[in-house]
Amino acid sequence: MTTNPAKRAILRTILYSDIFSFPLTRDELWKFLMSEKEISHNEFLRNLNLLPQIISKDGYYCLKNRTQIISQRKKNLSEVTKKMERARDISAKLSVIPSVLFIGISGGLAVGDAREHDDIDFVVITKKNTLFTTRLLLLLLLQLLGVRRARTQKKAKDKICLNLLFDETSLSWFEIGHDSYLAREIAQILPLFEREDTYHKFLLANKWILKFLPNALQSSQELYISQKARETVIEDIIFTRFVESLLRSLQTKWMKRHQTREVVKKNLLAFHPNDYRAITLRRLRLKLRQFGLLTKF
């Protein structure tokens, strides 16, 4: 296998994306380029079409024998557009809760990968000491809007799943280990709403991802609604330490009745019963070994 750093990084990035049967555009390849060191954009462009294992078609790049995933991505474009419009609409409604500092999309939809029957995963950052109060208000509002995904719900087309919530004191909560999977998950979060510059604070707190994705933070498209925080009397009444402590106790007891791999902490709630991180990294190692690229990634 070539020792050219740019070629190795391009192929490694394509292999990672192939785990999810998802082709990448040139801009996506550059943004999510997996490299131990920085590679200039000119060097990237010079080597992009020189790899025999990779093919380009209709503006997308994938492994040579996997062109069917390009057709699938193109077929899903209209569904992605519909779900994004729905996500923005719901996010705008949820933003009326004053303790919500940030709402973003995670998962496949965040990068433009969505099927008709998929739900929509939200990441929410709240003010400190309001996590469980905010979660309850979010769930109630989603229920009223008829878009809440229930825990046991199997068919959840276009439903909203609050799969990751944490408060502003836990912006760098990813202490479980820095790796390419977590770096990619952070880099691909798509912001919908923010207050107090929270999205940029979150990225700043997680600059370690540049060790794996050196181009991930070069451009931040501000396609979301940004508002200044507003303090109200109602907020002072609702969001008290007593109320938060009570709701935390009640919700934690309920969650632990069904807890598997979910993370439940005072300032963090992560609902991911399937350990995609371990599965993805294992598949990546197999692919890297197959193509002679096995590294710390």
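**View 1. Buried W30 and F44 in a predicted model.** In this model, which is predicted rather than determined by experiment, W30 and F44 are both buried. A search of the whole structure finds five aromatic pairs, and one of them is formed by W30 and F44, whose ring centres lie 5.2 Å from each other with 50 degrees between the planes, an arrangement that counts as tilted. The pair links distant parts of the chain, since W30 belongs to helix α2 (residues 26-31) and F44 to helix α3 (residues 41-48), the two residues being 14 residues apart.

**View 2. The stacked pair of F102 and Y199.** The rings of F102 and Y199 form a stacked aromatic pair, with 5.6 Å from centre to centre and 5 degrees between the planes. Here a strand is joined to a helix across 97 residues of the chain, for F102 sits in β4 (residues 100-106) and Y199 in α7 (residues 198-205). F102 counts as buried because its relative accessibility is 1%, under the cut-off of 20%, and Y199, at 7%, is buried as well.

**View 3. L171 and its surroundings.** L171 is placed in the loop between β6 (160-167) and α6 (180-187), and it is buried, with a relative accessible area of 12%. Leaving aside residues up to four places away in sequence, L171 touches I125, F166, K201, F202, A205 and N206.

**View 4. R184 over the ring of F32.** R184 lies over the face of F32, at 4.0 Å from the ring centre.

Notes
Residues are numbered from 1 along each chain as its sequence is written. This is a predicted model: local features need pLDDT of at least 70, side-chain atom pairs count only at pLDDT 80 or more; totals for chains, interfaces and linings use all residues. Side-chain values use heavy atoms; hydrogens and water are left out. Helices (H or I, at least four residues) and strands (E, at least two) are DSSP runs, numbered from the N terminus. Buried means under 20% relative accessible area, exposed over 50%, partly exposed in between (1.4 Å probe, protein chains only). Contact means heavy atoms within 4.5 Å. Rings of Phe, Tyr and Trp (its six-membered ring) pair if their centres lie within 6.5 Å; planes under 30 degrees apart count as stacked, over 60 as edge-to-face and the rest as tilted. A charge sits over a ring if NZ of Lys or CZ of Arg is within 6 Å of the ring centre and within 35 degrees of the ring normal.
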